[in-house]
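Subject: Structure for you to look at

Hello,

Here is the structure I said I would pass on. Please open it next to this email and follow along; my notes come after it.

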There are 2 protein chains.
Amino acid sequence: MKMDKPYLLITNDDGIAAPGIHALVQELLKIAEVVVVAPDSEKSAVGHAITLSDPIRVTCFKKANHWVGHAVSGTPSDCVKIAVGALLDRRPDMVVSGINLGSNAGINVIYSGTVSAATEGTILGIPSIAVSLATYTEPIFEPAARFASHMVRIVLSKGLPDGTLLNINVPNLPESEIKGVRITRQGMANFAETFDKRVDPRNRVYYWMNGIKEELQADDDVDDEAIKNGIISITPVKYDLTNYNFIPELNNWLPEIVKK
Amino acid sequence: MKMDKPYLLITNDDGIAAPGIHALVQELLKIAEVVVVAPDSEKSAVGHAITLSDPIRVTCFKKANHWVGHAVSGTPSDCVKIAVGALLDRRPDMVVSGINLGSNAGINVIYSGTVSAATEGTILGIPSIAVSLATYTEPIFEPAARFASHMVRIVLSKGLPDGTLLNINVPNLPESEIKGVRITRQGMANFAETFDKRVDPRNRVYYWMNGIKEELQADDDVDDEAIKNGIISITPVKYDLTNYNFIPELNNWLPEIVKK
């Protein structure tokens, strides 16, 4: 029997106690049955890590005595895999990952646990979206949560192509100040990390990785540029990493490659 | 002054003590100056994780009293970032990641620390290749090391397109039994993970993620299929995850997205 309400798997990379996931759950409960399976602690910048060498623990996470969801001692990718593979009694209609504190745009996308959880849903054949809020301070989650709910309804009705998720970034503005929605591409602007070299009390050297500074591309169709201008950015993201355009040229290299 | 020999940064995800990286270094020393900056322990399936919340330590790793390289308390991505950003006194001409024990093909590519290290080099604008050996048992590293060295010379002379690395998988065969080289695409066959549920001595439940089984695609141009047939696979991999083909259709959705 088809349930009347859609069944949504909610996860994130900021951890199950993060306010962003609760704002998302509160909004999505208006239109759907939801189940939360999220990391038991912050797992930012874990990329597409999965846990193969350690046991994975799952505990019940409660807030003010109300059951919130399953807290997983693993990465966002682990959460989606173990939810679908072991914890849920039926297949979710969608995976919604977020709301992340901080944008996931440009090259950051490849380090993002938020996006990797949605990628995992996509790999499992479940339509998936990732939602991030472009701020680290004074977040206003509600507009992003309402937009996520709106996009869930659209994706449920239209579907997504195989192997593709939507990566959504929302400016941190009241709803009335958001200037629109734009379909974008992932920015490719380079990073400049710095390493802060220090000495600990036992005279051992250590480093902090710091200041992922971006020289943003100013092209209108780039994700970061939309966000900077107060526009919601939607980028279709796929997990086929093949550079098809370079294959003909590589085939031209083959005679030299084979002749050793 | 341009050095006569190329200067290569070598890393991996199996850790600085793994035999695969030593086979690679031994071979590349014949044609290049090399510096090894690799994780201090195994970091398989860490994907594109980077270490922002913990200090990163760097120690000297020696083998039989000979200095091998810098051992880093982080991920393969961290290794490339800290090598270029803090440890090396000049920019390497290439990044070579491997030789990984086990293939990195199909969907596995997105979980691969080996590939992510090469991606990191690519992001930094350094031509990069990842090299994996398609076995977990009784590895024969020498043919893969020699092929890696051959490809380093070709890439140094021809260059690679912006944002693209080469993901190389070598069958575990003596050189005389390798059947050729093929330019391939990343296979997209789905996974089927299982979760082995157990109870620990204190009666707490835990899970092992197990058996990433693949239903391989049998298409000739797929990475896994080449490897299975004893052929070296070279896939051009890029880190722009945008699904450009879906952008026009998403733009058709915009009126419905904007009308809330």
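This is a predicted model: local features need pLDDT of at least 70, side-chain atom pairs count only at pLDDT 80 or more; totals for chains, interfaces and linings use all residues.

Eleven of the eleven residues of α3(A) are buried, so the helix is largely enclosed by the rest of the structure. Among these buried residues are Gly113(A), Ser116(A), Glu120(A) and Ile123(A). Just after the helix, Gly125(A) takes a positive phi of about 85°.

Next, the sheet of chain A. Nine strands form an open sheet with mixed pairing, in the order β3-β4-β2-β1-β5-β6-β7-β11-β8. β3 (58–63) and β8 of chain A stand at the edges, and each has a single partner strand, so one side of each is left without a neighbour in the sheet. On average, and with direction ignored, neighbouring strands of this sheet are turned by 25° against each other. Within the sheet, β2 (residues 33–39) and β4 (residues 66–72) of chain A run parallel and are joined by three bridges. One pair to look for there is Pro39(A) with its bridge partner Val72(A) in β4(A).

β6(A) has a partner in β5 (residues 94–101) of chain A, and the two pair in the parallel sense over five bridges. Here Val96(A) stands opposite Ile129(A). β6(A) also runs parallel to β7 (residues 164–171) of chain A, to which six bridges join it. In that pairing, Ile129(A) stands opposite Leu166(A).

β5(A), α3 (residues 113–123) and β6(A) make a right-handed β-α-β unit. β6(A), α4 (residues 141–158) and β7(A) make a left-handed one. α4(A) lies across β1 (7–11), β5, β6, β7 and β11 of chain A, and runs at about 160° to β5(A).

Now to the contact between the chains. How many residues does each chain give to it? Chain A gives 69 residues and chain B gives 68 residues. On the side of chain A that touches chain B, the elements that give two or more residues are α2 (76–87), α3, α4, β8 (181–183), β9 (191–199), β10 (205–214), β11 (232–238) and α6 (247–258). The largest share, eight residues, comes from α6(A). Sorted by class, this side of chain A has 40 nonpolar, 19 polar and ten charged residues.

How are the two copies related? Chain A is superposed on chain B by a rotation of 180° with 0.0 Å of shift along its axis, at an RMSD of 0.0 Å. The two copies are thus related as by a two-fold rotation axis. The same surface serves both copies, since 99% of the contact residues of chain A recur in chain B.

Chain B has an open sheet of nine strands too, with mixed pairing and the order β3-β4-β2-β1-β5-β6-β7-β11-β8. Its β2 (residues 33–39) and β4 (residues 66–72) pair in the parallel sense over three bridges. In β4(B), His70(B) is the bridge partner of Val37(B). α6(A) packs on this sheet, where it touches β8 and β11 (231–238) of chain B, and its direction makes about 170° with that of β8(B). In turn, α6 (residues 247–258) of chain B lies across β8 and β11 of chain A, running at about 170° to β8(A).

Last, one residue in a loop. Arg202(A) lies between β9 and β10 of chain A. Is Arg202(A) buried or exposed? Arg202(A) is exposed, because it has 5 other C-beta atoms within 10 Å, and a residue counts as exposed at 12 or fewer. The C-alpha atoms of Arg202(A) and Gly121(A) are separated by 45 Å, and the two residues are 81 residues apart along the chain.

Regards

Definitions and conventions
Residues are numbered from 1 along each chain as its sequence is written. Chains are lettered from A and ligands numbered from 1 in the order in which they are written. Two strands pair if DSSP finds at least two bridges between them. Helices (H or I, at least four residues) and strands (E, at least two) are DSSP runs, numbered from the N terminus. A crossover is right-handed if, with the strands pointing away from the viewer, the path from the first strand over the helix to the second runs clockwise. Two residues are in contact if their C-beta atoms, placed from the backbone, lie within 7 Å. Ala, Val, Leu, Ile, Met, Phe, Trp, Tyr, Cys and Pro count as nonpolar, Asp, Glu, Lys and Arg as charged, and the others, Gly among them, as polar. Copies are superposed by least squares on the C-alpha atoms of residues with pLDDT of at least 70 in both. A residue is buried if 20 or more other C-beta atoms lie within 10 Å of its own, exposed if 12 or fewer, and partly exposed in between; C-beta atoms are placed from the backbone. Axes are lines fitted to C-alpha atoms, for helices over the stretch in contact, and angles run from 0 to 180 degrees between N-to-C directions.
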